[in-house]
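Please look at the sequence and the structure shown below, and keep both in view while reading the report that follows.

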Amino acid sequence: MFFYFIGCIFSECYFCYLSVDILHTNDNIKILQQKIALYEDMKAYESLYLLLSPALTGFCFSFVKSQDQAEEIVSDVFIKLWQVRNKLPEIENLKVYLYTIAKNFCLNYIARNFKNPVIRLEEMDIEPAVSLGSPEELCISADTVDKIQQCIRELPPQCRMVFQLVKEDGMSYKEAAEILGISVLTVRNQVFIATRKIAALIPAWLQSTQFTGRRSAS
Amino acid sequence: MTDEKLWLLVSLQLSGEATPSELAELEMLKQHDPQANARIAVMQQIWAAHNMRVTGELNKAMSFDRHLQRLSNHLGAPVLQYDDENSPENAIAINNRRRLGYRWFWIGGGIAAALILIFFQMRPGNEPGSSPKIAGNTVSTKPGSKSKIELPDGTQVWLNADSKLEYKGDFSGKNREVSLSGEAYFDVVKDKSRPFIIHTRTVQIKVLGTAFNVRSYPADKTTETALIRGSVEVTLNAQPDKKVILKPNEKVLIGDAVAESNKNTAGDAVKTTNHEAMIVSNVHVDKKDQEVYETMWVKNKLAFDETPFDNMIAEIERWYNVEIVVKNKKLSANTYTVTFENKTLDEVLEGLQFSAHFQYQLKDGVVTIW
């Protein structure tokens with residue numbers, strides 16, 4: 001019991017740290033945004049690119065399923081950003097703005113280049129780019145990790161996208177809702193559905209392994 | 001049932017969306033069901049995994065380089081007057097009318113920009129001596145921005161800051177005619193049957209298929225045509241019988257009035273006519289990179305080659321969209337040769353400060369130099 005407790009406290013602290021990190025990033029984006037808008041600061045532009053492009057590329061990849069194409073779309077997004085730099089001060093949440101543009105560019109790309117374009121998000125095939133930990137980190141078998149991976153892939157498309165945005169890119173429900181043009185409640189439900197489905201795959205007999213794992217760690 | 005509730009609370013907690021009371025409820029449930037704790041811990045680990053996604057620094061830097069390359073290639077087809085339409089509201093609206101959205105958005109924007117410009121053109125009191133008017137499309141850039149456009153015949157045009165290009169809708173006539181105020185680099189598609197003609201306030205330039213740079217800012221008092229390949233024929237508006245045919249890597253400088261004080265390197269042929277000075281010389285090639293100074297702006301390089309101080313200041317004003325006040329008149333005496341690539345205004349001024357020996361201050365978008 002005691003060790004459970006330590007474990008929980010431990011992981012909760014980790015989480016506090018994570019969310020602080022995300023807040024930090026958001027502040028950072030604000031500063032970069034200002035520098036680009038006011039001074040056309042190339043350095044700030046570069047920092048912003050380096051900060052956001054990996055996540056944005058992952059996001060685009062989910063739509064277009066090609067790494068090169070995703071990178072090109074992200075590049076287009078940043079070209080657009082540079083073009084509208086004079087108007088950046090008016091943009092409240094730059095991250096949401098960039099994701100929204102990225103999504104629109106992806107949809108345009110799909111409409112142009114796919115034979116049977118499906119441009120309704122609910123029907124689109126989304127390739128999830130969600131990373132899990134290694135079996136060792138998770139203290140579960142590799143087999144279970146595969147099953148979870150599979151489960152995420154089989155979630156309804158919209159649910160996959162929502163889960164990816166919230167978990168992977170650290171979006172708030174409000175931000176994710178804005179990007180995808182759905183309601184906050186829908187986001188909340190989709191995240192819940194994904195979490196519940198994954199939870200069902202985490203074996204119930206786990207506690208003993210987990211217990212020894214924690215004990216040896218502490 | 002409690003299980004459902006439990007995972008809902010966990011999902012809220014992990015998303016950072018749980019309220020304090022929800023967190024307290026989650027703690028309660030955990031107390032009642034200690035077995036769930038381990039599974040929750042695994043779930044937390046799964047959620048935390050995103051932090052471990054690492055993209056190599058080198059990889060990122062390379063992708064940024066590729067991006068810069070694309071950015072400079074684009075030079076912003078959409079940095080036209082109508083980029084006002086380009087607000088996030090629109091970006092989101094596109095989403096709702098996806099398929100129609102984008103194309104009509106640009107066409108609509110283009111028409112709006114053309115209408116606005118035609119409106120301005122119609123207004124009386126247009127300054128005399130401006131370029132001959134051609135009804136149709138107008139593309140213009142603001143100070144501080146550049147643009148690249150493709151004309152209906154496939155000709156590529158890079159438009160430098162604070163410039164304006166007008167052309168007839170579809171080039172359906174016998175000639176392909178455009179009129180230019182400011183600076184532009186043309187890469188003209190070959191069409192022997194339909195010459196491409198550029199009107200500026202002092203000259204008209206007739207070409208068949210070629211690449212060249214035209215610089216005709218009202219403030220410059222000169223019009224410069226620099227040829228990169230092919231051949232062009234430059235005719236004075238005032239004296240249609242005066243013609244110059246340029247060979248590759250030659251340029252012609254035409255003054256608005258009397259011949260200016262000679263600012264070209266020695267050995268240039270100087271022809272002075274009654275009203276307008278025509279100076280034919282070679283384009284200036286950077287010895288190190290073999291790049292032509294006249295067209296470096298196309299690659300987003302701010303380049304000066306034995307440029308008089310005042311002209312340089314005017315160029316910087318346009319490039320960065322600032323106002324520069326020069327208090328020290330002595331500075332005008334020198335000429336400067338320097339290239340800036342992707343530099344901020346501050347970096348440029350700092351660089352010049354040392355060779356030109358001046359002090360400067362940037363305040364409210366106005367630079368004061370003394």
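Among the contacts in chain B with a separation of 6 or more, what percentage is accounted for by residues 24 or more positions apart? Such residues account for 50% of these contacts, where two residues are in contact if their C-beta atoms, placed from the backbone, lie within 7 Å.

This is a predicted model, in which local features need pLDDT of at least 70, side-chain atom pairs count only at pLDDT 80 or more, and totals for chains, interfaces and linings use all residues. Residues are numbered from 1 along each chain as its sequence is written, while chains are lettered from A and ligands numbered from 1 in the order in which they are written.

The model scores ipTM 0.75 and pTM 0.47. For chain B the pLDDT (the predictor's confidence in each residue, from 0 to 100) averages 73, and 74% of the residues score at least 70.

| Stretch of chain B | pLDDT | Contacts beyond near neighbours in sequence |
|---|---|---|
| residues 124–134 | under 50 | 17 contacts, beyond four places |
| residues 258–275 | below 50 | 19 contacts |

Chain B has eight helices and 19 strands, which are DSSP runs numbered from the N terminus (helices: H or I, at least four residues; strands: E, at least two). Three of the strands of chain B form an open sheet with mixed pairing, in the order β16-β19-β18, where two strands pair if DSSP finds at least two bridges between them. The edge strands, each pairing on one side only, are β16 (323–326) and β18 (360–363) of chain B. Strands β18(B) and β19(B) (residues 366–369) pair in the antiparallel sense over four bridges, and Leu362(B) stands opposite Val367(B) in β19(B).
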